Structures are given as structure tokens and as C-alpha cells.
Amino acid sequence: MSRTLLSKARHAGHVQRWHTVPTIRPQNVAAHSWGVALLVMRFWPHRTNGDLLRATLLHDAHEGVLGDVPATAKWRWPHLKAALYQCESELDDRMFEKLTISELKVLKFCDLLELCEYAAEEVHMGNKGMIPVFKRGWVLCAGELKDMPTYHPSLINFLVELREKACGSTR
């Protein structure tokens, strides 16, 4: 791994997430990446190898240069999303090349799952503005779950608990 990538990653850790959405507690890229890594270790312990964990911790390193561009901007301007993807690919220093397709799926899923976990915590603390964020993330997670490699059985209970935290009891 290059020193440049590590330097970018350290800088990226300070980049503020959710800067266009009011939150009760701030989150930066470092806290998000740490949360993603913990989810990988919790629900895919048999896949916790060096390459996957490194990619998990560094998956948003490009934000040290590009910032955290809100998803809403990417949805509204697809050409912006495409340009950012090209920039991210150049900045990510080929960190994902060693990952298998299954590992890439785990990383993508846990990235979404951490979003849901953060949003559910915000809603639980009274931030009703995060309900739509949670619901959108939840739908994306549910769509990805069917294609996930073998996961720890407690994942389903965790998902149910998150939904209850964000949306109230579903029983």
C-alpha cells in the first residue's frame, strides 16, 4: 500500500459526513469506516482477512481529496456521479483489486448497513429527519441481502432490531 493512500486516508478520516442533513451527533469518515469494519468482523468473521479489512478501513480514502459528496447530488446529476466514480477509481490506488466478488459484496453491504445503524441511532435519539435516510438504506440493504455470501446468523436479528429502533416495533 502506498504512503500516499495512507496519507489520504488519515486526512479523509476528518471529513465530515452528513453535512447536508441535520444530525444530533456528528460523524466523520473515520468513525464510519470503523463502524463498517466492525460490521464485517461481526457478521463475516470467517472473511476477516487483511485485504478485506484494509479495503474496509480505506474504502472512503478518496474523500480526503473529493470530500463527502451527498448522495442527493449524485442522484440529481448522474454525470456528476460518473465523474466522481472516475476520480474515486484513480484515487483509490487499486486497493480493491485483491478482493473477491464476495468480499466486494460484503464491503458494499456493510457500508449500507453502517448507514442504517447510524440513521437508526439518530432516529432513536429523536432525529425524525433521519427516518427517510434509514428507510432508503434499509431498502438497499434488503435488496443486497439475497446476494450476500454466508453470514453470521445474528445478522437477521440485528436488522430487525435496527428497524425497530428507527421505525418502532413491527411485531
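Modeller: Lysine 146 and aspartate 147 form a salt bridge through their side chains, with 3.8 Å from N to O. The term salt bridge is used when a side-chain nitrogen of Lys or Arg lies within 4 Å of a carboxyl oxygen of Asp or Glu. The model is a predicted one, in which local features need pLDDT of at least 70 and side-chain atom pairs count only at pLDDT 80 or more, while totals for chains, interfaces and linings use all residues. Residues are numbered from 1 along each chain as its sequence is written, and side-chain values use heavy atoms, with hydrogens and water left out.

Lysine 146 is exposed, at 66% relative accessible area, whereas aspartate 147 is partly exposed, at 41%. Here, exposed means over 50% relative accessible area, buried means under 20%, and partly exposed lies in between (1.4 Å probe, protein chains only).

The whole structure contains five salt bridges. Another of them joins the side chains of aspartate 51 and arginine 54, at 3.7 Å from N to O. Both residues belong to helix 3 and are three residues apart, about one turn of the helix. Helices (H or I, at least four residues) and strands (E, at least two) are DSSP runs, numbered from the N terminus. Aspartate 51 is partly exposed, with 27% relative accessibility.

A further salt bridge links glutamate 121 with arginine 25, whose closest N and O atoms are 2.4 Å apart. Glutamate 121 lies in helix 7 and arginine 25 in the loop between strand 1 (16-17) and strand 2 (27-28), so this pair ties together parts that are 96 residues apart in sequence. Both ends are partly exposed: glutamate 121 has a relative accessible area of 26%, and arginine 25 has 28%. Arg25 and Glu121 also belong, with Glu122, to a network of salt bridges.

The largest nonpolar core has 32 residues, and Trp44, Phe109, Leu113 and Leu155 touch the most other members. Helix 7 (101-124) gives the most to this core, with 12 residues. Such a core is a set of buried Ala, Val, Leu, Ile, Met, Phe, Trp, Tyr and Cys residues joined through side-chain atoms within 4.5 Å. Leucine 113, leaving aside residues up to four places away in sequence, touches Leu39, Phe43, Cys141, Leu155, Phe158, Leu159 and Leu162; a contact requires heavy atoms within 4.5 Å.
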